[in-house]
Amino acid sequence: MTNKMDKLNERINKRTNSLMDRYSMNKDKIDIVIDFIKANRGIPLEYYLAEVKFRVPESKAPKEVFRNIFVESINAGGKSNLKNIGGSCKRFYELLQNVCKNSEERIDYDMFLSECGKSKSQQTDLFKHLLDYKGMGPKRASLVMKEIYNIQKYTETKIFYNYQLESEAEKLHIPLDSVIAYIINKVFRLKGGEKINPNKYVDFISITTMAKRILEHEFILIEDLWYWGYFNTFGNDKKRTTGFNEDKYYSDKRHYPAEETIKKLKEFTDILQTKM
């Protein structure tokens, strides 16, 4: 098992170093995108928090909120086996029932992780524990962790006590998907076999590792490429093109259209089309 993990870590390091080499080669251009997402962090953050409030009414008990996050995340993007998802949701429900004797009280985070260690996964690391659920996968597991963090930091609804924001922030992962991969491939000028594949675990971990090397404690900003990319692309995984997608923007229920936001979205498209 140790040898297998060593080989995996070696592949991750190799992939991360390759991405860092590409960053060094194109630093001036890539930093234009990084500076943009830093300067405009408030726009996607407001969108994410609106999504949190949409999913999680403040009237619900902590364990119900946590279950909702798990169920929403494991269903994100569709294309999953219902039997696997149903079994995983039942297993997670049973875990919550073991931990949460009083549904109205916040959950002891340390106790919850300890219970995870006693479960089938035998993992007290939340991300690794979540990966043990069929149908979850790294992207969906990272969404669970992101939603928990956003709720703990930005809302009155708290799921846990003993949850340390600073240390837990370092455990987050970029929820790499086809949109983020498309933007990174374009900005880093990755071609053919060099391209980031969101379905490969090595690429998933390497993107977060690279982000930490470039942005240090602000690494999660790379997630914002999803927001700027989602509303600025057309098509799907097989064929995707850049441009402000007016239909996506105006039909989205998580925000009220704003001219200033549209202006910034078009500015990002301009960066991709003229400066990359």
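Here are a few notes on the charged side chains of this predicted model.

1. Ground rules: numbering runs from 1 along each chain as its sequence is written, and side-chain values use heavy atoms, with hydrogens and water left out. Because the model is predicted, local features need pLDDT of at least 70 and side-chain atom pairs count only at pLDDT 80 or more, while totals for chains, interfaces and linings use all residues.

2. There are ten salt bridges, if you take one to be a side-chain nitrogen of Lys or Arg within 4 Å of a carboxyl oxygen of Asp or Glu.

3. E194 and R22 pair up at 2.7 Å, N to O. E194 sits in the loop between helix 10 and helix 11 and R22 in helix 1 (residues 2-25), 172 residues apart; helices here are DSSP runs of H or I, at least four residues, numbered from the N terminus. R22 is buried at 14% relative accessibility, whereas E194 is partly exposed at 34% (buried is under 20% relative accessible area, exposed over 50%, partly exposed in between, with a 1.4 Å probe and protein chains only).

4. R41 and D224 form a salt bridge at 2.6 Å, N to O. R41 is in the loop between helix 2 (27-39) and helix 3 (42-55) and D224 is in helix 12 (residues 224-230), so this pair ties together parts 183 residues apart in sequence. D224 is buried, with a relative accessible area of 0%.

5. K146 and E223 make a salt bridge too, at 2.9 Å, N to O. K146 belongs to helix 8 (residues 137-154) and E223 to the loop between helix 11 and helix 12, 77 residues apart. Both K146 and E223 are buried.

Definitions and conventions:
Helix = DSSP H or I, 4+ residues; strand = E, 2+ residues; numbered from the N terminus.
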